[in-house]
Amino acid sequence: PKPPAFGDLTKLADKKLVPLLFDKDEWGARQARRVLADRFVETGKAPDVAKQLQQAFAKEWETTQKLRALWALDAIGEASSDWLLQLTRDPDEHIRSWAVRLLADLVAADVSRLTSSSSDATLSGQPTMASQSLLTSAATRFAELARTDPSPFVRLYLASALQKLPLDSRRELALALVRHAEDANDHNLGLMIWFGIAPLVGAQPLAGVELVIASQHRIVRQYIARRLAEDIETKPDGLVR
């Protein structure tokens with residue numbers, strides 16, 4: 001096969017990289033996105049192509065091209081939480097799914113930053129307030145999507161997002177996910193839900209009991225019951241009731 005004539009992408013200006021993001025050659029598109037991401041990391045400033053990418057996202061009608069614009073905006077730090085929350089209402093299930101994933105990444109990054117920061121850095125309250133606002137908005141929207149979104153693809157991404165949320169924010173989302181009887185035979189959803197709620201069941205046995213009662217997934221019920229039984233001597237509350 002004829003090798004692509006991209007040359008050294010690191011020598012191209014930011015605006016020259018934008019068309020490559022939408023090239024039919026997948027390798028070239030990924031490399032262009034990587035170069036823009038590296039420049040953002042090195043300088044701490046987003047390349048001056050955000051407006052172009054936003055226009056491309058709005059103009060493109062193919063899902064693949066819209067996703068490439070979305071991924072590039074995320075790579076340069078220009079996919080804001082407010083915008084991603086709006087995208088969770090997009091007609092395309094793939095756009096909604098990726099909005100969920102990127103929102104969950106933002107929440108996880110905030111939680112990690114707060115956890116690793118010193119106590120003095122968080123005494124001002126500002127990082128905590130900002131993070132709490134993002135967490136509340138994301139968790140509320142995720143639970144709403146889990147209850148109402150018709151796409152099992154979106155629900156799979158929501159199940160994956162469980163692992164990135166603090167334990168106290170997982171219960172409502174998990175309850176909404178386990179109630180979908182139409183997902184009971186899905187090969188992935190039941191396990192993904194379990195991976196997300198396993199720490200919650202260990203820490204809060206009563207939440208585990210609530211999930212057992214609500215769950216339409218046999219595998220979720222089995223794993224919760226086994227976990228509660230394993231902890232019966234140290235945390236008997238879940239089974240006593």
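This is a predicted model: local features need pLDDT of at least 70, side-chain atom pairs count only at pLDDT 80 or more; totals for chains, interfaces and linings use all residues.

**Stop 1: a charged trio**

Start by selecting Glu-26 and Arg-30, and show their side chains. They form a salt bridge, with the closest N and O atoms 2.9 Å apart. Both sit in helix 2 (residues 26-43), 4 residues from each other, or about one turn of the helix.

Which residue does Arg-68 form a salt bridge with? The partner is Glu-26 again, and here the closest N and O atoms are 2.6 Å apart. Since Glu-26 belongs to helix 2 and Arg-68 to helix 4 (residues 63-75), this pair ties together parts that are 42 residues apart in sequence. Colour by accessibility if you can: Glu-26 is partly exposed at 32% relative accessibility, while Arg-68 is buried at 6%.

**Stop 2: a pair within one helix**

Next, jump to helix 8 (residues 126-148) and pick out Arg-141 and Glu-144, which are 3 residues apart, about one helical turn. They form a salt bridge too, with 3.2 Å between the closest N and O atoms. Arg-141 is buried, at 9% relative accessibility, because the cut-off for buried is under 20%. Glu-144, at 29%, counts as partly exposed. Looking back at the first stop, shared partners join Glu-26, Arg-30 and Arg-68 into one network.

**Stop 3: two helices side by side**

The crossing is right-handed. To see the contact, show side chains including Trp-194, Ile-197 and Val-201 on helix 11, and Tyr-223, Ile-224 and Arg-227 among those on helix 13. What is the contact made of by class? It has 11 nonpolar, 2 polar and 1 charged residues.

**Stop 4: an enclosed helix**

Finally, select residues 171-178, which make up helix 10. Of its 8 residues, 6 are buried, so helix 10 is largely enclosed by the rest of the structure. Highlight the buried ones: Leu-173, Ala-174, Leu-175, Ala-176, Leu-177 and Val-178.

Note on methods: Residues are numbered from 1 along each chain as its sequence is written. Side-chain values use heavy atoms; hydrogens and water are left out. Buried means under 20% relative accessible area, exposed over 50%, partly exposed in between (1.4 Å probe, protein chains only). A crossing is left-handed if the near helix is turned anticlockwise from the far one by less than a right angle, and right-handed if clockwise. Contact means heavy atoms within 4.5 Å. Ala, Val, Leu, Ile, Met, Phe, Trp, Tyr, Cys and Pro count as nonpolar, Asp, Glu, Lys and Arg as charged, and the others, Gly among them, as polar. A salt bridge is a side-chain nitrogen of Lys or Arg within 4 Å of a carboxyl oxygen of Asp or Glu.
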